[in-house]
Amino acid sequence: MSLTHHFPHHRARRLRRDEFTRRLVREHALTSADLIYPVFVLDQDDGVQEIASMPGVQRLSRSALWAQAEQCVKLGIPVMALFPVIDPALKTPDGQEALNPEGLVPRTVRELKRRFPELGVMTDVALDPFTTHGQDGLLDDTGYILNDETVAVLTRQALVQAEAGVDIVAPSDMMDGRIGAIRQALESQNLIHTRIMAYSAKYASAFYGPFRDAVGSAANLGKSNKKVYQMDPANSDEALREVAMDIAEGADMVMVKPGMPYLDIVRRVKDEFRVPTFAYQVSGEYAMIKAAAQNGWLDHDATMMESLLAFKRAGADGVLTYFALQAAELLRA
């Protein structure tokens, strides 16, 4: 910074003196348009299921999902992201239920777009909710996750979702080459308007535990991990290589996951590529804030809003967050 500021000619506190001045010079702002709301979907007509490790978040039946979709529309939240809770009886080692055009995800997409055409819908392209082993891909005889064979299945999964009318497919698996394969398949079927939000820098993080409880993959995964395909938390330059490959292969938007522990990655990605960049405030981040607030250690709403603003300051164009409805309500007030 070339400017020099010397006291008392420059008093930084002058611009903090009152609320109107603070608002006037504020560098970043959070709006409801910055939020994507992730939801867990049950294959049943009514009712909800509480998720113990995510206070305030529920697995939603169809009727509950329609109600929350209506709330998103009213509050100006542009996109809802769907994560299916699959019946264990439908899970197989190869995750074939992910390819069922009459499965939970495509049926939900079709009905959401029929009821709420103005609401953007995003779907997860990954096999872990559908596999008996809880991994995001196909396994060889040694238990290693196969790359190219998995990409072939993921491509078919993305096509099923796109044909159902989803707006955005979001491959979260971290297999090499899957963005290019999915983009080519979408183009070949004239599905040219389907956007791809790539989980480009997805780390093998300890912050995903409550999510796996929510979708029912935690027990299947057991003591296994995903370190052979998700990124090492120690690496930063590698994230830029991953993002560069996904953009080159046809991603419209890229994502960093988790969120707050990786704000440095968000900043580097935005500075380097200047493409639409998103961050996922994951289940563990949500659960920590909730738990601390429930114990009276933090102010819930203030901490929630500060955490979301941090993503915007770091350069994110939007945030996937389980706080979306609560935050949008406060922003409207």
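User: Is Arg267 buried or partly exposed?

Analyst: This is a predicted model, so local features need pLDDT of at least 70 and side-chain atom pairs count only at pLDDT 80 or more, while totals for chains, interfaces and linings use all residues. Residues are numbered from 1 along each chain as its sequence is written, and side-chain values use heavy atoms, with hydrogens and water left out. Buried means under 20% relative accessible area, exposed over 50%, and partly exposed in between (1.4 Å probe, protein chains only). Arg267 has 31% relative accessibility, so it counts as partly exposed.

User: Which residue meets Arg267 in a salt bridge?

Analyst: A salt bridge here is a side-chain nitrogen of Lys or Arg within 4 Å of a carboxyl oxygen of Asp or Glu. The N to O distance in this one is 3.1 Å. Both partners lie in helix α9 (residues 263-273), four residues apart, about one turn of the helix; helices (H or I, at least four residues) and strands (E, at least two) are DSSP runs, numbered from the N terminus. The partner is Asp271.

User: How many residues apart are Asp317 and Lys270?

Analyst: Their side chains meet in a salt bridge, 2.8 Å from N to O. Asp317 is in the loop between α11 (300-314) and β10 (318-321), and Lys270 is in helix α9. The pair links distant parts of the chain, and the separation is 47 residues.

User: What is the relative accessible area of Asp136, which forms a salt bridge with Lys226?

Analyst: The closest N and O atoms of Asp136 and Lys226 are 2.6 Å apart. The two residues sit in loops 90 residues apart. Lys226 is buried at 4%. Asp136 is buried too, with a relative accessible area of 0%.

User: What is the angle between the planes of Phe83 and Phe211?

Analyst: Rings of Phe, Tyr and Trp (its six-membered ring) pair if their centres lie within 6.5 Å; planes under 30 degrees apart count as stacked, over 60 as edge-to-face and the rest as tilted. Phe83 lies in strand β4 and Phe211 in helix α6, so the pair ties together parts 128 residues apart in sequence. Both residues are buried. The pair is edge-to-face, 5.2 Å centre to centre, and the angle is 90°.

User: Which residue lies over the face of Phe211?

Analyst: A charge sits over a ring if NZ of Lys or CZ of Arg is within 6 Å of the ring centre and within 35 degrees of the ring normal. At Phe211 the distance from the ring centre is 5.3 Å. The residue is Lys257.
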